[in-house]
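Here is a short briefing for a first look at this protein. Start with the overall picture, then go topic by topic.

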Amino acid sequence: GSGAMAHVAMRAMMALGLAISLLRAEAVPDTPDDDIHIIFSTDCGGYQNWQAAALTYSALMVGQKGHITRIVSNCPEDADYAMMRRSVFPNYHLHITPKFSLDEGQEYFPYYNKPLGVDHWIKNAVPAVTQSVVVLLDPDMVFVQAIRPDGVRNKKNILYTGHRDQSEITDKVYEGHPVGQQYLIGSTWVSFQREKICGDGSPCAKVTHSEAQEYYSLGPPYLLHREDAKKVFDAWAKYVVRVRNIQGKSVGDMLSEMYAYCLGAAHHELPHTRVDHFMVSNHRAEGEAWKFIDELEDYSNHNPCLGDFKPPQNAPLPSLVHYPGEVIPYIDPQKGGWKFHKKHMPHNIYDCKADVPGWTSDDGTGPITPTPEQIWKSATSPEAKCSGKVNKHDCKRQAWVACQVLKTIQASVLAYKEAFCEAGYNDKMIGSLLHPAVMNVKVDPYGSPLAGTKQTREGLQAKYKEEDGSKEYHLRLQRTEAMAVTMSNSLGGSNSLGGSTSEGSNSNIDKQKDDKRIAAYAVVLLPTLFGICLILYRAVRGKGKES
């Protein structure tokens, strides 16, 4: 009697909970495509300067909406901020942080840059951050599809591998529902001294290994609502130092930063929906959007090796390529192999007088100069050999990445020169990817050329050649921009710089969103509650008849 009633009530409440979880995303109003702010963190060196330029061009190429900010840390006194704020992307910003990459032992630790940098940005950005959705990328990424606050347009293109029901998965970002790309970082942080890192009684100490795998085994792109980002970034900046101090250097440098993010999100009880479709990176890794490449002919048929590298919009493709250090799509036993390595890229490729990086490579046996078509043909032949080949798709994956990334870089160089260089700039494409050892120049430990690779102002248009590159001038520009935003808001106009409307308009928009959300919940939940009452009524009535 009472046990059966309790069971019926429990099932009814479970049904209510499922209805709420399934319909909450639909109840949240859509976010405009341009209500988004993309950020990435770098130092001020030439290695990440060219990556930043390629990333922002690729955003323009795919029609990415919203704003992009490059966060720079640990810059030398003579840093050229004019060069770093120059971009073909229209709503592009540069944020300068203090120097904070030294730990207590005064040892250089660059992995503090990202967490401390993004926290400094969201607290001190000029103009202030007003966009609803914040997306954190790595600089060594290029866009293939635009990222939208409401996720991919065709929800059939959501890729997910986990233990939740596929019908529950949405890549729509709203407050309380962050989203991220799966990374195979595991749940090691669950074994950390979590209460020392997060504080006594912190929810981060209650996360289980299975929950860590499902909701926190992720990395860039991280997608969060602005209010969630404020919380997570604050905790992340604190915890990354504690992880290093408490857990010691046994935790890998990069992993200490990624695990600190997990701890910060868990502390604020913000489990992420972990999906696979945002990125491809490691051709041997599971949990990435390789399905779109492995079955290319059945999906988008977008092949940058055989045709235009500019992909169609809203196509079943990864949003980003996170290009790893080394891509070797084919190996020829007789003549060597073709190789792309980001650390072999000269740092001055955006210099007006520099050559455009071409398709020549070298593995020590002599230079080879293939075409993209030859790379694809070799990588997809039945006898294909490539780096780390484990399954039949590995060579194809590497060829697709190599063509997409290098063609994007080449186009970004030409677009940059067209926008900022004087007529007659160097557009010659040569084999700039020759290994430095073959070029007989001094190299650093990573193999990057050090000689003659610093970007200069030679060949720039006069207005850019004479532009003030000092930090003081850059900060003055930011203040001017902020004043323009404030004036626009006070006049009740739209804010083209900040990407949002005035505070009053924001309040009205928020109220309209709340009204829509309440209405949506009412439409969904009232019938559900009625159904639960009906179930209970029938159960009680049936029990009465039996008596």
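Contact here means heavy atoms within 4.5 Å. By that rule, and leaving aside neighbours within four places in sequence, L263 is in contact with W189, F192, R194, I197, C198, C204, Y239 and V243. The model is predicted.

**Overall build**
- The protein has 15 helices and 16 strands.
- Of its 547 residues, 53% are buried.
- Among contacts with a separation of 6 or more, 78% join residues 24 or more positions apart.

**Nonpolar cores**
- In soluble globular proteins, nonpolar side chains tend to be buried together.
- The largest nonpolar core here has 76 residues.
- L137, F143, W189, F233 and L263 have the most contacts inside this core.
- Helix 7, residues 226–247, gives the most to this core, with nine residues.
- Another core lies apart from it and has 48 residues, including Y323, A399, Y416 and C421.

**Helix 4 against helix 7**
- Helix 4 spans residues 113–124 and packs on helix 7 at an angle of about 140 degrees.
- The axes of the two helices are 8 Å apart.
- Roughly antiparallel needs an angle over 145 degrees, so helix 4 and helix 7 count as oblique to each other.
- Their crossing is left-handed.
- On the helix 4 side, the residues that meet helix 7 are K114, P115, L116, V118, D119, I122 and K123.
- Helix 7 meets them with R226, A229, K230, F233, D234, W236, A237 and V240.

**Helix 10 against helix 11**
- The axes of helix 10 (residues 372–379) and helix 11 (residues 394–420) come within 8 Å.
- They cross at roughly 165 degrees, which means that helix 10 is roughly antiparallel to helix 11.
- Helix 10 passes helix 11 in a left-handed crossing.
- P372, I375, W376 and A379 make the contact from helix 10.
- C395, K396, A399, W400, C403 and K407 make it from helix 11.

**D138, a buried acidic residue**
- D138 sits in the loop between strand 4 (133–137) and strand 5 (141–143).
- Its relative accessible area is 12%, so D138 is buried.
- The D138 side chain makes a polar contact with the side chain of K114, at 2.7 Å.
- Not counting residues up to four places away in sequence, D138 touches F40, L55, K114, Y183, P220 and H322.

**N245 in helix 7**
- N245 is placed in helix 7.
- With a relative accessible area of 41%, N245 is partly exposed.
- N245 and I197 are 48 residues apart along the chain, and their C-alpha atoms are separated by 9.5 Å.

**Backbone exceptions**
- Most residues other than glycine have a negative phi, and most peptide bonds are trans.
- The peptide bond from V126 to P127 is cis, with omega near -5 degrees.
- P127 lies in the loop between helix 4 and strand 4.
- A cis bond also runs from P220 to P221, with omega near 5 degrees.
- P221 belongs to strand 7, residues 218–225.
- N74 is not a glycine, yet its phi is positive, near 55 degrees.
- N74 is found in the loop between strand 2 (67–72) and helix 3 (81–84).
- E269 has a positive phi of about 55 degrees, although it is not a glycine.
- The loop between helix 8 (253–267) and strand 8 (273–275) holds E269.
- The relative accessibility of E269 is 58%, so E269 counts as exposed.

Notes:
Residues numbered from 1 in each chain as written. Predicted model: local features only at pLDDT ≥ 70, side-chain atom pairs only at ≥ 80, totals over all residues. Heavy atoms only, no water. Helix = DSSP H or I, 4+ residues; strand = E, 2+ residues; numbered from the N terminus. Buried < 20%, exposed > 50% of the residue type's maximum accessible area, 1.4 Å probe, protein only. Polar contact = N/O pair within 3.5 Å; in protein donor to acceptor, adjacent residues only side chain to side chain. Core = buried A, V, L, I, M, F, W, Y, C linked by side-chain atoms within 4.5 Å. Axes fitted to C-alpha atoms, helices over the stretch in contact; angles between N-to-C directions. Parallel < 35°, antiparallel > 145°, perpendicular 65-115°, else oblique. Left-handed = near helix turned anticlockwise from the far one by under 90°.
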